[in-house]
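Subject: Structure handover

Hi,

Here is the structure I promised to pass on. Please open it alongside this email.

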Amino acid sequence: MIPSREIFWNVGSQQGAVYLVALMSVAIASIGLLQHIKGWRKGRKEKIFDQAGNRLKYFFRFLLSHERIRKDTYAGVMHLFIFWGFVVLFLGTLIIAFQEDLLLPFFGRKVLEGNFYLIYSLVLDLFGLLAIVGVGLALYRRYVLQPEKLDNKPSDLILLCLILFILVSGFCVEGFRLNVSNPQWALWEPVGWLFGTIFNVLGIATSTQRGLHKIIWWLHLIASMGLIAYFPFSNLFHVVSSSLNVFFRSLKPSGALVPIDIQEGEQFGVAHIQDFTWKDLLDLDACTRCGRCQENCPAAISGKPLNPKKVIQDLRTFLQPFSHNGVPLVSNIVSEAELWACTTCRACMEVCPVFVEHLNKIIEMRRHSVLTESKFPSEYKQVFKNLEIFGDTLGKGKLFREDWASNLTIDRVYQQNDTGLLFWVGCMSALYDERSKNTPIAAAKILEKAGLDFGILGEEELCCGDAARRMGNEYLFQHLAKKNIEVFRKYKIKKVVTHCPHCFNTFKNEYAQFGADIEVVHFMELIVTLLREGKLNVKSKIDDIFTYHDPCYLGRHNSIYMEPREILGLILNSDMKEMDSFRDKSFCCGAGGGNMWRAAVTGRRIEGLRVEEAVKTDASGIITSCPFCEIMFDSAVKQKGLEYSFRLMDIIELVNRVT
Amino acid sequence: MRLKPEGIWILEEHDDEGTKNITLELLSEGQKLARRLNEQLCVCLLGSQVGGCIPTLTQYGAEKIYLVEHELLSECSLDAYAFVLGELIKEYDPYILMMGATPSGSELAPRIAARFKLPCITEAKNITGQEENLQITKSAYNDQVYITIDPLARRPLIVTMPPGETDIIEPNKPREVEVIKKNVEIPADIMRTKRKRIIKGDPRTIRLEEADIIVSLGRGAGNESLPILQELADALGASIGGSRGAVDDGIIKFERQIGISGKTVTPRLLIACGISGAREFTAGMENSNLVAAVNIDQKARIFDYANLCIKGDLRMIIPQVIDKIQIAKQKREKGQVLGLDTKS
Amino acid sequence: MKIIVCAKRVGHAYHSSTVDLSTGHIDPGKMVFMLNPYDEIAVEEAIRIKEHISDCEIILITLGIFEAEETLRYAFAMGGRRINRMIRINYESFDPWETALALSNVIKKIGFDIILCGEKAIDDNCSQVGTFVAELLNIPQVSGIVKLDIVPQGKKTLVERYLGKGDREEMECCLPALFTVGKGLNDPRYPSLPNRILAEKMKIEEIDWIDLEFGSEEKALTKVTKFFSPKPKTRKMFTPDSSLSALERLNLMMSGSSSKKEGSTVLEGSANQLADHLVKFLVQNKFLSKEDK
């Protein structure tokens, strides 16, 4: 006998009803799907169909490897089980449909017979079991472990129970069928066989089992079709929305914000939901409420009013039908406290498994607030005016910009025909206070030692505009950027080195938007090259043990993780110690996004949390490579009374000391 | 009529407690000037029932006093003062008229200057030259630039001088001087503004940027020190401010925070108690005129910013400071001459 | 109601090298230029009045060279459409009298109910022009106001001004009047971008100095003859008190000889001694004498 089975066995000639149910569920699902599409179409147009091949390639890699989802191991395994379970079960159902609706009626042939049928049964059974385990894990996590980052809605419970019911009822049907028809290859369907054996052990009569089979078969069918109908109205829709979002993910440099036209108009940034692009709205729909952003957001962790997941979910309400598009977002949907608490550290985007871009939404709303409404935390007005009048955030003025070099013998202000490397000093280092000047001094000495031809712009340097842009003042940013680019052009500057991650990120990723054509390297990249080439030699090593803080704009925004560790490996006698959160999970210093100039209104100090983390490593000090981080940590270290026991230094100072 | 303007005039200012320090400062400066220019030092004493101020004025060198007493002069009404002073100028034609760059002096000086088309120089530092070639130096452009101004030909020259910049000279014994008492009829219809009331400022509530003296505290002061520091502040008429640490610890409110993320302050005196001097803090106060720091830590960074550095426990020191201030104040009230109890 | 706001473009010197020692003049390249912060408060106050009294016209006037238009546009951008006219008198003078003559001349022609201007300009630090204008127009004035209430329907205002140390004087003043505004009256807004764009498009009426009509006998009353840099500000040092015994002083000096970069020595001793030092410091710097301001 050839192993096979009759598809509508025991159910008989009610195929018509089956198709009717299927049609209905698909119809309901389509309505739901259309609503989603309608929601996305509220947004502005944006063309992002470039690099389709690359996108597709990455999409499949993402699906197969689950690389971003796996970053949270429990959730990753759970998702992997459910995902593959469903994929295989779905493929199995497709094969059945293919056979029943195409092969049999038109060609009178079957595929589900013989060895193929046996393997088919085995595979489907095993993956079905995998899915049950996955759903079980999910239920356990959601309702027993209850991690803080998850918010449970009734729909979550309905969905999981529905899926569990479909899976279990499927196996029940299988068990009954095996018991009644009793084929010799029953063990090829091990889970069904197990269910059947249980029914037999329970002593259910064969005739009863035949009856139950019919009932549960129908229930299974209805539940499955129900799931299809429910699909666009539940979190399961992420199968579509998140997949699309992964496909359409931003391929722009991760540190760059999108420029806006500031020449004309009455409204800038995002005031209402329809000012977002369709991709932004797809983002909202793609959010699965996994809570990883919330778990990694320094603002949320330190008890500030911001929770990135909540922002996305709050905005998402506009995608529902009958939502009022005219409601201004800022202060109605996203409170001002939330809006301004973001440090733009990008931790949320780094951990989001489905590439939701929280940051650009926050920035767009800030832009509206600052540019159109002129509303922002009162502390920022002085910063904006300082930038506008003095060209630096501190309001010191350009005449102080060369002071840091006053004790150096170098006289290297850029002249018209200079061709060397431009060393960009940055406001924070040049102007903040005496201590902040140590870094550029050390940097200049290293450049000297390496025998590099370099110059500084001195008085002609202006703030790069990073702070203004992240605070939503695109007008000021573009004003500063254009002036700086003019100076670059004037001296025909080709290559810039800077030690400030904010200047670095802005030059590297954003100035091109305004026609700058410069090569930008961070000082650490330069040091690594110099050390490798032997132009810089480590003369002695440092005995102390340090830990390293990855600045957000160097790490997450520009993926420079390896260089500092390589440098520290060369100049420290012992291994450096990593903090609990490092590299792409590094915890912010609290300065970014304009928060340096803000007094924390609620919650704990972000820099304080970070210093605590650093102290916990038992290192004798913390090394960073960002003037902002250094200033923030300096005050945290002082406030904790650690100023004589815990050291704080820029990696460049350390390098200068040993070379 | 005389041929040329004569006399260096000083407009007296007073409050309920008598002649204000600014007048004494002007007299101190005016004496030197009068001697150099060989002019008579005169005081215009305007008010209602102000004759009691005359002895003090003579102690500080007034040689002649023009006294106008009138009900309408009891308040510093600009219109009344301008009218009366105008009458005096018309009659006596002085050479230089000096006033304090106080709220009332600062509007009176240009008002009179405009009325008689006279040269007016406000916030002057010093007066050099003589006869037709007087030169006045003043600070401008954020104190980065001094400018010298030639008040061209017309006299009297009207000058205001900022308070607190001149040392007050040692007083002499009161002496007899010529008092010219003038009766001036002030037409009622010239009074276009009217004082309604004086609202007393409370250093505890005024904005930190306005504060003249700030007692600032840091995390080192601790919550328990707030009462004594408040007492010190009250004794000095100072406002309380603090570092970010103090705000974080909930000792003071955010509106009272000094630093890069709080207020930038430039008081005449800042007393830093238990503040280590994080860069965040010093960036917000480095332009304070005088800084006194009390800290238990010899190496505290705040000492680099302080004019007076005291290493010690503020809990021990401040209560004694308060006592000593009270004693000094009592001595002053017992009739010691103001501003001169330094030898006590 | 017609509100006239006088706004000035000022150079702010922030560095000791502002005066060019070779020429004895101020080097504009070493300054930053902006709307005088006090005038900014005046502009803001005018806008706020208009937000309450709709039947209100705001006219901005400046006196200065062409570059002053940028400043005027900034002031306009603060208020946007609420501001009705911008006028620039093409002249720049160091003499407040000349400036006031020109301003009053123009203002008289326009007509006014309230004139607002800054208490002083942060460049020449003169605080005269406002008062001169008031006298030339023969209207009352209050200087340095920190609160302005217009009595509804009445031609009257209630104003407050600082007398120092946070004390305020409340006054009643009839209209028309001129008020010079002090810090603390309001917190000027930051211009929105649409208003900035609008400001760029707005026409600025230009009046030439020679078109102003005043008597030929009117001329400057003062003349700036010299600019120079003040001596670097020395930090006022505290010296050990001479009333202490020689031994005490010696002890102080010895204990205070710590390694310090600048500033004075760190004083140590008993709480009583230290308290004495602090009080002495207060006395020497006249903080315990009677109020000056």
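Predicted model: local features only at pLDDT ≥ 70, side-chain atom pairs only at ≥ 80, totals over all residues.

**Chain C against chain B**

Start with the contact between these two chains. Chain C puts 93 residues in contact with chain B, and chain B answers with 95 residues. The buried area between chain C and chain B is about 8,400 Å². Carbon and sulfur atoms give 56% of that area.

Charged pairs come next. Nine salt bridges are counted between chain C and chain B. One to look at joins C:R161 to B:E107. The closest N and O atoms of C:R161 and B:E107 are 2.8 Å apart. Polar contacts link 33 residue pairs across the interface of chain C and chain B, both residues being at pLDDT 80 or more.

Which elements of chain C supply at least two residues each to the side that touches chain B? The strands are β2 (9-13), β9 (141-150), β10 (156-164), β11 (167-174), β14 (223-228) and β15 (266-267) of chain C. The helices are α4 (129-136) and α7 (271-284) of chain C. Helix α7(C) gives the largest share, twelve residues. By class, the side of chain C that touches chain B holds 39 nonpolar, 25 polar and 29 charged residues.

Strand β18 of chain B (residues 308-311) pairs with β15(C). The sense is parallel, over two bridges. To find the spot, go to B:C309, whose bridge partner in β15(C) is C:V266.

There is also an open sheet of four strands. Its order is β8(B)-β9(B)-β10(B)-β14(C), with antiparallel pairing. What sits at the edges of the sheet? The edge strands are β8 (124-128) of chain B and β14 of chain C, each pairing on one side only. From one strand to the next, the twist averages 25°.

Within that sheet, look at β9 (residues 135-140) and β10 (residues 145-150) of chain B. These two strands run antiparallel and are joined by five bridges. B:I136 has B:I149 as its bridge partner in β10(B).

**Chain C against chain A**

Now turn to the other contact. It takes 23 residues from chain C and 24 residues from chain A. Chain C and chain A bury about 1,900 Å² between them. Of this, 60% is on carbon and sulfur atoms.

Which three residues supply more of the area that chain C buries against chain A than any other three? They are C:Y14, C:Y190 and C:L193, with 38% of that area.

Four salt bridges are found across the interface of chain C and chain A. One of them pairs C:R196 with A:E388. Here the closest N and O atoms are 2.8 Å apart. Eleven residue pairs are in polar contact across the interface of chain C and chain A, both residues being at pLDDT 80 or more.

Strand β5 (31-35) and helix α5 (193-201) of chain C are the elements that give two or more residues to the side of chain C that touches chain A. The largest share, five residues, comes from α5(C). By class, the side of chain C that touches chain A has eleven nonpolar, five polar and seven charged residues.

Best wishes

Terms used. Residues numbered from 1 in each chain as written. Chains lettered and ligands numbered in written order. Heavy atoms only, no water. Contact = heavy atoms within 4.5 Å. Buried area = accessible area lost by both parts, 1.4 Å probe. Salt bridge = Lys/Arg side-chain N within 4 Å of Asp/Glu carboxyl O. Polar contact = N/O pair within 3.5 Å; in protein donor to acceptor, adjacent residues only side chain to side chain. Nonpolar A, V, L, I, M, F, W, Y, C, P; charged D, E, K, R; others polar. Pairing = 2+ DSSP bridges. Axes fitted to C-alpha atoms, helices over the stretch in contact; angles between N-to-C directions.
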